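Please read the following note with the sequence and the model side by side. The points are meant to be checked one at a time.

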Amino acid sequence: MADRSPTRPTPDRIVLRGLRAQGHHGVYAFERERGQVFGCDAVLELDTSAAAAGDDLRKTVNYADLARELYAVLAGEPVNLLEALAQRLADVCLAHAMVDAVEITVHKPQAELGVPFDDVTVSIRRERA
């Protein structure tokens with residue numbers, strides 16, 4: 001992670017919550033065939049001070065572009081596990097050079113568990129190496 005000065009002990013954050021896409025992820029054939037809605041929350045840690053000082057989009061992460069990139073992963077090539085999907089989403093975020101770390105939560109609210117529930121989530125946190 002980037003060095004933090006004593007005046008900036010905690011990183012700035014850009015948060016994208018509630019991104020949704022139809023996907024075909026899952027272990028079971030019926031999940032791959034009919035698909036279901038998957039969701040994603042992304043919390044990016046980065047230093048936004050240069051962007052703020054210059055009011056310059058080029059010095060931060062464009063969250064509209066990021067949303068489209070994450071959507072493409074949610075709707076894209078299927079994986080078996082939410083853990084693998086979360087890692088792919090984290091990799092997309094960390095591909096932005098300004099991002100020091102990211103927390104990803106993947107939602108699978110339509111999973112078939114055989115009992116009533118609201119949501120199934122997997123959350124991971126990854127830092128730039």
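The numbered points below treat the salt bridges, the pocket and a surface patch.

1. This is a predicted model, in which local features need pLDDT of at least 70 and side-chain atom pairs count only at pLDDT 80 or more, while totals for chains, interfaces and linings use all residues. Residues are numbered from 1 along each chain as its sequence is written, and side-chain values use heavy atoms, with hydrogens and water left out.

2. Side chains of opposite charge can pair when their charged atoms come close. A salt bridge is counted when a side-chain nitrogen of Lys or Arg lies within 4 Å of a carboxyl oxygen of Asp or Glu. Six salt bridges are found in the whole structure.

3. One of the salt bridges joins the side chains of E31 and K108, at 2.5 Å from N to O. This pair links distant parts of the chain, 77 residues apart: E31 is in helix 1, and K108 is in the loop between strand 3 (101-107) and strand 4 (121-127). Helices (H or I, at least four residues) and strands (E, at least two) are DSSP runs, numbered from the N terminus. Both E31 and K108 are buried; the term means under 20% relative accessible area, whereas exposed means over 50% and partly exposed in between (1.4 Å probe, protein chains only).

4. R125 and E45 form a salt bridge through their side chains, at 2.7 Å from N to O. Because R125 lies in strand 4 and E45 in strand 2 (residues 36-46), the pair ties together parts that are 80 residues apart in sequence. R125 is partly exposed, with a relative accessible area of 37%, but E45 is buried, at 13%.

5. In the salt bridge between R68 and D65, the closest N and O atoms are 2.5 Å apart. Both residues belong to helix 3 (residues 63-75) and are three residues apart, about one turn of the helix. R68 is exposed, with a relative accessible area of 53%, and D65 is partly exposed, at 33%.

6. Which residues are closest to the centre of the largest pocket? The largest pocket has a volume of about 220 Å³. Of the 16 residues that line this pocket, V27, Y28, E31, K108 and A111 are the closest to its centre. Helix 1 and helix 4 (82-94) are the elements that give two or more residues to the lining.

7. Y28 lies in the loop between strand 1 (12-23) and helix 1 (29-34). Together with V27, F30 and L81, Y28 makes a nonpolar surface patch of about 390 Å².

Methods: Patch = residues over 30% accessible without salt bridge, like charges linked within 9 Å, V, L, I, M, F, W, Y side chains within 5 Å. Areas by Shrake-Rupley, 256 points an atom, 1.4 Å probe, with all protein chains shown as cover. 1 Å grid on protein atoms, 1.4 Å probe; cavity = no way out; pocket = protein on both sides within 12 Å on 5 of 7 lines; lining within 4 Å. Points joined across faces, edges and corners; volume = space filled by probe spheres on them.
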